[in-house]
Amino acid sequence: MPHILIVEDETIIRSALRRLLERNQYQVSEAGSVQEAQERFTIPTFDLIVSDLRLPGAPGTELIKLGQGTPVLIMTSYASLRSAVDSMKMGAVDYIAKPFDHDEMLQAVARILRDRQSAPAAAETASSKPATGNGKASVDNSNSEIGIIGSCPPMQDLYSKIRKVAPTDSNVLIQGESGTGKELVARALHNLSKRAKAPMISVNCAAIPESLIESELFGHEKGAFTGASAGRAGLVEAADGGTLFLDEIGELPLEAQARLLRVLQEGEIRRVGSVQSQKVDVRLIAATHRDLKSLAKIGQFREDLYYRLHVIALKLPALRERGADVNEIANAFLARQSARINRTDLKFAADAEQAIRHYSWPGNVRELENAVERAVILSESPEISADLLGIDIELSDLEDDEFIGLPPQTGGNASNSSHEPTEDLSLEDYFQHFVLEHQDHMTETELARKLGVSRKCLWERRQRLGIPRRKTGVASES
């Protein structure tokens with residue numbers, strides 16, 4: 001079980017963070033200052049140190065030296081963001097801005113521990129790699145430097161594009177459903193770029209209130225608005241020399257979009273309330289699960305900004321489109337979660353492997369990770385059964401392949417409806433119309449049989465077309 005040291009002088013924050021980490025199977029120790037941490041613990045023995053930047057006495061950056069290689073995650077407020085970036089230059093592995101949400105903290109902790117665990121293995125692999133006849137090391141064709149699991153053809157194509165795009169300074173737009181791992185792609189682009197030693201500043205545009213987003217991104221001068229008691233650098237300025245990753249850029253207000261366009265066109269920013277501009281050197285990587293081109297057509301996203309962002313577009317496939325990758329990823333999550341609770345005997349039962357492979361995973365990799373974590377925690381035997389995953393799938397219906405490819409059946413309610421689709425509708429129009437027309441009085445199995453598909457196929461099409469499953473008015477299928 002990973003052992004984490006929290007160094008934070010505010011008791012409420014320290015206690016809340018401790019409870020959060022302990023609930024997620026981490027062993028936690030805590031201190032209120034660097035001096036207290038030195039007196040009570042042998043600092044290099046920890047797997048990770050999470051420390052506030054500003055502490056009584058010595059600052060949190062002192063722990064970088066005292067940890068002797070132990071990764072240090074710095075916590076800081078937006079007001080001292082420039083200091084956080086400076087601390088990364090001093091050797092901190094990453095920073096997280098306060099206030100942070102629980103998922104953000106857990107993802108950062110998991111990523112840092114994963115990277116620390118994989119580093120020795122990567123070094124060992126590199127040192128044991130045989131040399132070629134001309135004295136040069138053999139070429140490694142793996143994806144270890146990218147840090148993403150999966151080898152299906154769409155992902156191999158993505159890896160190839162990442163390697164080509166990363167060394168350039170071109171803007172990149174990453175598209176994909178929520179939970180597909182867009183930030184992992186952004187980090188790979190940054191880590192393989194010439195800016196890798198400079199900071200990568202990540203911003204979730206949907207998480208910042210609209211009234212604050214311009215100030216957060218571009219900074220403000222003292223007195224620019226009520227409550228602006230001091231001037232402050234923004235996140236774009238903090239990313240100077242490095243990479244700015246704007247997640248969910250489709251949520252950015254139009255006013256902020258205009259300011260961002262100036263950054264891309266002129267390479268300069270102007271703080272809110274300032275008349276002076278200043279130059280910045282930032283590479284922009286943006287991500288979204290929305291169709292920006294369609295938003296531009298209806299005036300909800302600036303068309304000129306869309307084309308500035310769309311220099312290079314990378315499409316992340318949904319998990320249901322990645323074939324056997326889903327089981328490979330699930331096993332990686334299983335190994336990680338097992339290590340957290342010191343279990344080495346856990347494995348997926350055959351029905352769990354089948355459920356993982358056939359479920360459509362509408363929440364993508366994030367949903368898969370949560371399902372595996374749940375199963376590991378609840379498992380009382382070495383074999384993890386399908387029911388522990390907590391997903392909405394009926395294994396008895398996975399063998400209904402005899403229905404696939406059959407024409408939709410007629411008769412009964414379907415043929416007698418006066419609202420039956422006309423023959424000029426597309427197949428997807430027909431499917432959507434039929435499901436919406438009949439799901440109030442037919443079970444999922446009956447719908448699938450009438451449409452000539454398996455229940456798995458019915459579920460996948462529901463997800464793709466955004467048709468919610470009705471929970472009321474339908475007979476039980478038990």
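Q: What pLDDT does the protein chain average?
A: The chain averages a pLDDT of 79, and 79% of the residues score at least 70; pLDDT is the predictor's confidence in each residue, from 0 to 100. This is a predicted model, in which local features need pLDDT of at least 70, side-chain atom pairs count only at pLDDT 80 or more, and totals for chains, interfaces and linings use all residues. Residues are numbered from 1 along each chain as its sequence is written, and side-chain values use heavy atoms, with hydrogens and water left out.

Q: Which elements have the lowest and the highest mean pLDDT?
A: Helix H16 (residues 412-416) has the lowest, 40, and strand E6 (residues 172-175) the highest, 96. Helices (H or I, at least four residues) and strands (E, at least two) are DSSP runs, numbered from the N terminus.

Q: Changing topic, where is phenylalanine 46, and is it buried or exposed?
A: Phenylalanine 46 sits in the loop between helix H2 (34-40) and strand E3 (48-52). It counts as buried because its relative accessibility is 2%, where buried means under 20% relative accessible area, exposed over 50% and partly exposed in between (1.4 Å probe, protein chains only).

Q: What does phenylalanine 46 touch?
A: Leaving out residues up to four places away in sequence, phenylalanine 46 touches His3, Ile4, Leu5, Ser29, Phe41, Thr70 and Arg116. Its C-alpha is 9.0 Å from that of proline 71, 25 residues apart in sequence.

Q: Now the cores: which residues have the most contacts inside the largest nonpolar one?
A: Leu217, Val236, Leu244 and Leu246 do, in a core of 49 residues. A nonpolar core is a set of buried Ala, Val, Leu, Ile, Met, Phe, Trp, Tyr and Cys residues joined through side-chain atoms within 4.5 Å. Helix H10 (residues 254-266) supplies the largest share of this core, five residues.

Q: Which residues does leucine 217 touch?
A: Apart from residues up to four places away in sequence, leucine 217 touches Val203, Gly234, Leu235, Val236, Glu237, Leu246 and Leu252.

Q: What about a second core?
A: A separate core of 25 residues includes Ile329, Ala355, Val372 and Val376.

Conventions: Contact means heavy atoms within 4.5 Å.
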